[in-house]
Amino acid sequence: MKHDKVGSVMTTEVVRAEYGTPFKEVARLLADHRISGLPVIDEDEKVVGVLSETDLMARQAQTPDPYAPKRRVRLAGLRRGARKQAMKARARTAGQLMTEPPVTVHADDSIVEAARTMARRRVERLPVLDEEDRLVGIVTRRDLLQVFLRPDREIRQVVIDEVLVRSLWLAPQTVDVSVTEGVVTLAGHMERKSEAKIAVSMTRQIDGVVAVVDKLSFRLDDDRFQPDEQALHGVTDTWMRRI
């Protein structure tokens, strides 16, 4: 199934910072626009990193307290992560404070791919790039959740047009399609079991579908006519040995 693209839900007016943007200006951008993060770009509009409130808080947390008792710390004994945090404590610009490499998506990527990337990398927003890897937008978790606001009547029409007619070459009236709050119910009598399974599987993949209720029946159980793969390999191997 074709999924909606990231470009259809992204925000095109992106609040951004450059490598040399001062720390306080970054904090001001986040506060003024009420956002929790932004991309950092170079002179070619390429994303080189991302900055979040967490990065700013980490910077403040790592800043030495002038009134605290001094402790001797050997830099060589610091682990790589701790050393990086120590460097961020002295950061004065977005480039010194940002997290890199950035996690990004392309405008032509599907919403499903973007959602998987967010979940896997545990991020709340993704800079969106064009075909030349330049920044063209930003997509957030809230943007991706918009697919579940797709109207029931629109989902129903997609099931009929894309699944029944174009994919299975069936007449629209073959299957009764009803949608309530994103839950699709398929009911009717089909020729083969394999067709019913395809109809259910493809419907589940449509953007905005919450669940599929399968009430399809079939005349022919063609699963039992599928050749056993191991048996087929055995016959082939025997035939090859005889050559």
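Analyst: Happy to; below, each label is set against its cut-off. Please keep in mind that this is a predicted model.

User: Good. What makes up the chain overall?

Analyst: The chain has 9 helices and 9 strands. Of its 243 residues, 34% count as buried. Its accessible surface comes to about 16600 Å², and 50% of that belongs to carbon and sulfur atoms.

User: Why is Thr185 called buried?

Analyst: Buried means under 20% relative accessible area. Thr185 has 18% relative accessibility, so Thr185 counts as buried. This residue is found in strand 8 (residues 183-192).

User: Which residues does Thr185 touch, leaving out those up to four places away in sequence?

Analyst: Thr185 touches Asp176, Val177, Ser178, Val213 and Lys215. A contact here means heavy atoms within 4.5 Å.

User: And why is Phe148 called partly exposed?

Analyst: That label covers values between the cut-offs for buried, under 20%, and exposed, over 50%. Phe148 has 48% relative accessibility, so Phe148 counts as partly exposed. You'll find Phe148 in the loop between helix 6 (141-144) and helix 7 (152-167).

User: What makes Phe148 part of a nonpolar patch?

Analyst: Patch residues need over 30% relative accessible area and no salt bridge, and nonpolar side chains are joined within 5 Å. At 48%, Phe148 is partly exposed. Together with Leu145 and Val210, Phe148 forms a nonpolar surface patch with about 310 Å² of accessible area.

User: How do you know that the buried residues of helix 5 line one face?

Analyst: The buried residues in helix 5 (residues 111-121) are Ile111, Ala114, Thr117 and Met118. Looking down the axis of helix 5, these buried residues fall within an arc of 125 degrees, so they line one face of the helix. As a general point, an α-helix has 3.6 residues a turn, so residues three or four places apart point the same way. The face turned away from the buried side of helix 5 carries the exposed residues Arg116, Ala119 and Arg120.

User: What covers the buried residues of helix 5?

Analyst: The cover includes strand 4 (105-106), strand 5 (125-129), strand 6 (135-140) and helix 6.

User: Last one: why are strand 2 and strand 3 called paired?

Analyst: Two strands pair if there are at least two bridges between them. Strand 2 (residues 37-41) and strand 3 (residues 47-52) run antiparallel and are joined by 5 bridges, so by that definition they pair. Leu38 stands opposite Leu51 in strand 3. The two strands form a hairpin with 5 residues between them, and Glu45 in the turn has a positive phi of about 65 degrees.

Technical notes
Residues numbered from 1 in each chain as written. Predicted model: local features only at pLDDT ≥ 70, side-chain atom pairs only at ≥ 80, totals over all residues. Heavy atoms only, no water. Helix = DSSP H or I, 4+ residues; strand = E, 2+ residues; numbered from the N terminus. Buried < 20%, exposed > 50% of the residue type's maximum accessible area, 1.4 Å probe, protein only. Patch = residues over 30% accessible without salt bridge, like charges linked within 9 Å, V, L, I, M, F, W, Y side chains within 5 Å. Areas by Shrake-Rupley, 256 points an atom, 1.4 Å probe, with all protein chains shown as cover. Salt bridge = Lys/Arg side-chain N within 4 Å of Asp/Glu carboxyl O. Arc of directions from axis to C-beta.
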